[in-house]
Amino acid sequence: EVVERATVVDDYLVRALAIEDDALRAARAASHAAGLPAIEVTASQGALLSLFVRILGGRRVLEIGTLGGYSAIWLARGVGPDGQVVTLEIEPKHAQVARENVDQAGVGKSVEIVLGAAADSLDALIAAGGEPFDLVFLDADKQNNARYLAAALRLTRPGSVIVVDNLVRGGGALAAAEGTGGPAADGAQELLALVRDEPRLTATAVQTVGGKGWDGFLLAHVS
Ligand code: SAM
């Protein structure tokens with residue numbers, strides 16, 4: 001019941017604050033019409049990501065897990081027209097829909113979509129030795145989050161921020177907390193231990209309820 005009521009409140013707040021505009025609604029609708037799963041961030045979460053980038057004054061963002069580009073549009077708005085979002089996606093169809101969506105939303109110039117397994121793309125980014133990223137958003141296959149976090153540490157600078165989505169459900173913190181076991185729980189434990197033991201990271205984990213039910217995210221600051 002709490003989740004149902006939280007969804008009503010989430011919808012209300014998104015409308016009351018006019019959080020989502022036509023371009024974002026169109027991107028979401030185009031992704032669903034193309035048959036992509038409806039697992040993009042909610043409008044409130046997308047706006048929060050965009051705000052994190054603005055608060056940081058971030059100009060370079062790395063996203064792991066593009067889907068149809070919905071969160072990439074939010075992130076691109078956060079970095080502004082002179083900034084850059086690099087987003088990694090393994091599914092060619094998702095990358096193609098995302099390309100159309102980011103172009104349609106008017107942020108195409110700021111968004112680079114890298115097709116391939118994120119682990120390989122991250123290795124390539126590390127090898128290329130480019131400018132560090134100001135914010136990294138982990139939102140792909142959750143079991144590999146610890147690996148992605150380790151890569152993110154090599155691609156950021158003191159002052160950067162790392163956000164890990166879906167920590168509670170898909171990310172396995174619920175299974176780990178309740179001791180039910182399984183790969184998601186193992187993934188959560190591995191990620192949380194890595195964050196806890198990494199002296200460069202200061203982190204917290206926040207549970208959320210809203211349009212996508214009960215979940216949560218991890219927020220970490222790199223020093
Ligand atoms: N960030 C997107 C948004 O909010 O609009 C949602 C991303 S969705 C939850 C996860 C995406 O990660 C899917 O498109 C999936 O194909 C992609 N993915 C899964 N495993 C991957 C991998 N190993 N490398 C790169 N992308 C992967």
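**First stop: Glu 112**

Select Glu 112, which touches Gln 84 and Val 86 when residues up to four places away in sequence are not counted; two residues are in contact if their C-beta atoms, placed from the backbone, lie within 7 Å. This is a predicted model, in which local features need pLDDT of at least 70 and side-chain atom pairs count only at pLDDT 80 or more, while totals for chains, interfaces and linings use all residues. Residues are numbered from 1 along each chain as its sequence is written.

Is Glu 112 buried, exposed or partly exposed? Glu 112 has 13 C-beta neighbours inside 10 Å and therefore counts as partly exposed. The scale calls a residue buried if 20 or more other C-beta atoms lie within 10 Å of its own, exposed if 12 or fewer, and partly exposed in between, with C-beta atoms placed from the backbone.

**Second stop: the sheet**

Glu 112 lies in strand β3; strands (E, at least two residues) and helices (H or I, at least four) are DSSP runs, numbered from the N terminus. Now display the open sheet of 7 strands, whose order is β3-β2-β1-β4-β5-β7-β6, with mixed pairing; two strands pair if DSSP finds at least two bridges between them. At the edges stand β3 (111-115) and β6 (201-210), each with a single partner strand, so one side of each has no neighbour in the sheet.

Next, select β6 and β7 (residues 213-222): these strands run antiparallel and are joined by 10 bridges.

Select the surroundings of the ligand, which comprise 18 residues, the closest being Glu 40, Gly 65, Leu 67, Ser 71 and Ala 118.

**Last stop: the whole chain**

Finally, show the entire chain, which has 9 helices and 7 strands. Along the principal axes, its C-alpha trace spans about 50 × 45 × 30 Å. Of the 223 residues, 46% count as buried. Among contacts with a separation of 6 or more, 71% are between residues 24 or more positions apart.

Definitions and conventions:
A residue is near a molecule or strand if its C-beta atom, placed from the backbone, lies within 6 Å of it.
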